Amino acid sequence: NLKKFSPIKKKIIFNKYFAIIKKNQKKWNSLFDDEKFEELEFINSRNDKYIFFNKFLSLLSVRDLLKKKLYDNIEVISDQTIYNYAYQSLGQKIKCVFVNRNPITININFFILRNLVNLFKNLFLIILIKLLFLNRKIEKEKICLTQFPRFFSKKKDNFYKTKDYFNLNFTLSDGIFIHDGFFRNIIKIFNIRKLKNTIPIEKYITIKDIFASYMRSMITLHKAKRNLLFGLKINNLELTKVVNHYFLNSVKQRLFLNIYSNALKRIFKKNIREFHLFLFEYSIGFYLIRKIKDINSSVKIFGYQHGIFSDKLLWFSFLNISKYKKFYMVNTILAKNLFSLKAYKKLKLTNDVQLIKNKSKIYPLKIIKNKYKFNVLIILGTHDTEEILFAINCLLKNNLKQKIFFHIKAHPKKKITNIHELDNRIKIIDVLKGSFQLILCSDTTTISYDLINSKIDFKIIEIENRN
């Protein structure tokens, strides 16, 4: 239970981890000019998405437990081989059994081969885009980042909710969120062609750009592996393999974005006055902001809040000490709620932080009393679906006679595939409406903001093994 860890102990562990990151940041930026360390998702390791910091704390807790008693046999069953050395450093002889094959390191030869295959796939897709959008041009001075079909409904963008902007669509990947397969991308491209006011950014990528980006990626990754592998040990817990795994994955994600660098020059050297984007707090956002400011400093950049935001994020601490912070400053930040607005003002990425004037969603939900049965509504986030469902299922199996019913609203991006394994008192719902005795929200869902504004009572689900 990570809630039992003292804040002082957590702070000590975090400071050690943070010091290692700062050391590698200096080394990275001395080796590479065009890919800044601040643009790696590794330094935006959100606790809701990445569990490794929580796992460090859990393993330290196990280590303390093993100090109290000598055991004859200890066996660890895991599905993550990257933690092998961490388990072996817990203080007693441990046998590890791994139930799947998750590579300990990113093999450079495999990376080259896989990226060569992806290169030719992307080459085909970009040629297809060029043919289908041959006569389409950017027709407005104000453009916005889109990711069809995300935030689209009935062929219209539902995020910016204005006809004043021209949609610049990232179709193949953004290095983080878009991971569509080859054939799905083909279908998506044909669907984008049906949209008005939209053009894929990939139209502006040349064949030369693709091969140049591929070669640069190979060289940069090889250089990163040789010069920047982390050595991380906290209280004798060996964490080097774990951190390097996430670090190199983050490097790969960032390197893919280089495919867009020259395309951005072709777009933003022209008469573009404004660029509006969500994901400005992520790797792709940092990359785009720095590139656009370098190409055309007169372009005004507007960053829109995406998801949960607070001042308790790793990159928040990191960016505030970075000498490159000015590269990522925008003209205006548009926050979804007052809580986030205050956090953005603390970050000081701009002097102009505004509240988005969209009306809060009003959900037809009520809290009522019921003597005969207890209905609980649970609103899940993106990254904690499996953990929460597992906990509920266990609770019900241990209370077979209780008339308690759970109504689960999953995140739109998340599909619940193991419905047949769930207790029959668990029901998956599509629409938020109805009367309940209790409403529980994941701490990663933005719906909680709407419930606050609607004055609907709810509680936040606390997961013991998350910090």
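**Close-ups of a predicted model**

**View 1. The whole protein.** The protein has 13 helices and 20 strands, counted as DSSP runs numbered from the N terminus (helices are H or I with at least four residues, strands are E with at least two). The radius of gyration, taken over C-alpha atoms, is 24 Å, close to the 23 Å that the globule rule gives for 467 residues, so the protein is as compact as a globular protein of that length. That rule is 2.2 Å times the number of residues to the power 0.38. Along its principal axes, the C-alpha trace spans about 65 × 55 × 45 Å. Buried residues account for 52% of the 467, where buried means under 20% relative accessible area, exposed means over 50%, and partly exposed is in between (1.4 Å probe, protein chains only).

This is a predicted model, in which local features need pLDDT of at least 70 and side-chain atom pairs count only at pLDDT 80 or more, while totals for chains, interfaces and linings use all residues. Residues are numbered from 1 along each chain as its sequence is written, and side-chain values use heavy atoms, with hydrogens and water left out.

**View 2. The five-stranded sheet.** Here is an open sheet with parallel pairing, in the order E17-E16-E15-E19-E20; two strands pair if DSSP finds at least two bridges between them. Strands E17 (426-429) and E20 (459-460) sit at the edges, each pairing on one side only. Helix H12 (residues 385-397) packs on the sheet and touches E15 (374-379), E16 (404-409) and E17. Its direction makes about 170° with that of E16, using lines fitted to C-alpha atoms (for helices, over the stretch in contact) and angles from 0 to 180 degrees between N-to-C directions.

**View 3. Where E19 meets E20.** Strand E19 (residues 438-441) and E20 pair in the parallel sense over two bridges. Look for Leu440, whose bridge partner in E20 is Lys459.

**View 4. Around Phe405.** Phe405 is found in strand E16 and is partly exposed, with a relative accessible area of 26%. Leaving aside neighbours within four places in sequence, Phe405 is in contact (heavy atoms within 4.5 Å) with Lys373, Phe374, Asn375, Val376 and Arg425. Lys293 is another matter: 112 residues away from Phe405 in sequence and 53 Å away in space, C-alpha to C-alpha.

**View 5. Two cysteines.** Cys394 is partly exposed, with a relative accessible area of 30%. Cys441 counts as buried, at 0% relative accessibility. The structure holds zero disulfides, a disulfide being a pair of cysteine sulfur atoms within 2.5 Å.
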